[in-house]
Amino acid sequence: MANLDWNNVGFEYIQTDFRFVAHYKDGAWSAGELVKDNHVVLHEASPALHYGQQCFEGLKAYRCKDNSINLFRPEENAKRLQKSCQRLLMPPVPVDLFLKACTQVVQSNEKWVGPYGSGATLYVRPLVLGVGKGLGLQPAQEYLFIVFCAPVGPYFKGGMCPANFVVSEFDRAAPSGTGAVKVGGNYAGSLLPAKLAKEQGFSDCVYLDPATRTKIEEVGAANFFAISKKGVFVTPASPSILPSITRMSLVHLAKEHLGLEVVEGDVFINALEEYSEAGVCGTAAVIVPVGGISYQGKLHVFYSQEQAGPITKKLYETLVGMQFGDLQAPQGWITKVS
Ligand code: PLP
Ligand code: COI
């Protein structure tokens with residue numbers, strides 16, 4: 001295992017040994033290979049650089065008690081990357097190529113998957129770039145599919161400690177824009193709102209629906225859920241949020257493991273008193289309890305500023321237990337890579 005302070009890894013780039021690169025040219029993807037060089041050389045007129053013709057994914061590899069390594073629902077990331085590619089007129093990466101790349105990257109960087117119990121995981125970052133010369137606004141002729149990885153700890157400082165968020169004045173996505181796909185442009189636009197939120201002492205901002213600005217959509221890097229006072233798991237339904245794989249998993253776990261009613265619907269920003277708990281969820285974020293949300297100058301506190309509510313805690317334990325192989329996950333959720 002690599003020599004890192006495994007209990008204190010943050011969410012920053014740490015160079016690992018191998019990354020996978022495949023090239024799309026003349027209508028076909030190459031087989032791809034592992035390489036050592038962590039730099040990408042691009043033509044100066046690459047559409048990825050000028051017009052944001054690029055998309056990406058994020059998934060994690062988890063070290064289990066028996067030392068084996070799990071990937072969590074990687075086919076879902078493969079399918080979502082295909083949707084992102086289609087939205088930006090990029091050639092979809094075949095699911096098999098995606099899975100092969102992720103598997104090889106984790107296997108060849110096995111020493112960077114933190115020890116069981118440390119809380120550290122190996123974050124796997126696939127990306128597709130439109131490359132080659134192109135000056136007018138047109139899709140690229142050639143593409144690169146790259147998968148690299150880095151050991152990570154919690155994305156939001158404090159992990160399972162409640163974090164406060166502020167409602168942004170900005171929109172993250174347009175009603176029929178690119179919010180539902182994982183493309184870099186969505187994130188470039190969220191840098192300023194996130195900076196402003198952090199300057200005010202918040203972990204990040206909450207975006208409202210761009211059409212009416214009355215309903216919670218998601219935060220910059222994670223989806224949102226809340227538990228109503230009647231015990232219903234509610235998570236926003238919207239065409240402009242990223243369909244989170246973590247949230248899809250929590251919807252299943254809330255129903256099947258916690259026996260909760262689940263509603264994918266509206267969470268009105270003016271009706272937060274209906275909820276006893278709230279959280280954000282994502283691959284990087286895992287689950288972070290939402291302590292409070294600030295809106296129009298007032299902080300609405302959900303369960304507590306100090307600790308997670310009981311349902312959020314149970315969802316976290318169930319999800320993380322499955323990811324690290326301590327609990328039996330539904331069929332097809334876990335791919336063993338080692
Ligand atoms: N929403 C946004 C904007 C994200 O960037 C992410 C991270 O991938 C998520 C939600 C969570 O999605 P997932 O659970 O698939 O990681
Ligand atoms: C993820 O959770 O995988 C993400 O892509 C969020 C990212 C902004 C770190």
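Start at ligand 2 and select A284: a polar backbone atom of A284 is 2.8 Å from an oxygen atom of the ligand. The protein buries 89% of the 290 Å² that ligand 2 exposes when taken alone. Keep in mind that this is a predicted model.

Next, select Y123. An N or O atom in the Y123 side chain is 2.6 Å from an oxygen atom of ligand 2. Then pick K182. One of its polar side-chain atoms also lies 2.6 Å from a ligand oxygen.

Now show the whole shell. Ligand 2 is surrounded by F11, F56, G58, Y123, R125, Y155, K182, A221, T283 and A284. Colour by class: six are nonpolar, two polar and two charged.

Zoom out to the space around the ligand. Ligand 2 takes up the largest pocket. The volume of this pocket is about 1100 Å³. Its lining has 45 residues, with F11, Y155, F156, A221 and A284 nearest the centre. Elements that give two or more residues to this lining include β7 (121-131), β8 (142-152) and α6 (245-256). Select α5 as well: with four residues, α5 gives the largest share of the lining. By class, the lining of the largest pocket has 24 nonpolar, eleven polar and ten charged residues.

Last stop: the second largest pocket, with about 360 Å³ of space. Select G119, G153, P154, V286 and Y316, the closest to its centre among 26 lining residues. Then show β5 (59-63), β16 (286-295) and α7 (310-323), which each give two or more residues to that lining. The lining of the second largest pocket has 17 nonpolar, eight polar and one charged residues.

Terms used. Residues numbered from 1 in each chain as written. Chains lettered and ligands numbered in written order. Predicted model: local features only at pLDDT ≥ 70, side-chain atom pairs only at ≥ 80, totals over all residues. Heavy atoms only, no water. Near = heavy atom within 4 Å. Polar contact = N/O pair within 3.5 Å; in protein donor to acceptor, adjacent residues only side chain to side chain. Areas by Shrake-Rupley, 256 points an atom, 1.4 Å probe, with all protein chains shown as cover. 1 Å grid on protein atoms, 1.4 Å probe; cavity = no way out; pocket = protein on both sides within 12 Å on 5 of 7 lines; lining within 4 Å. Sits in = over half its atoms within 2 Å of the grid points. Nonpolar A, V, L, I, M, F, W, Y, C, P; charged D, E, K, R; others polar. Points joined across faces, edges and corners; volume = space filled by probe spheres on them.
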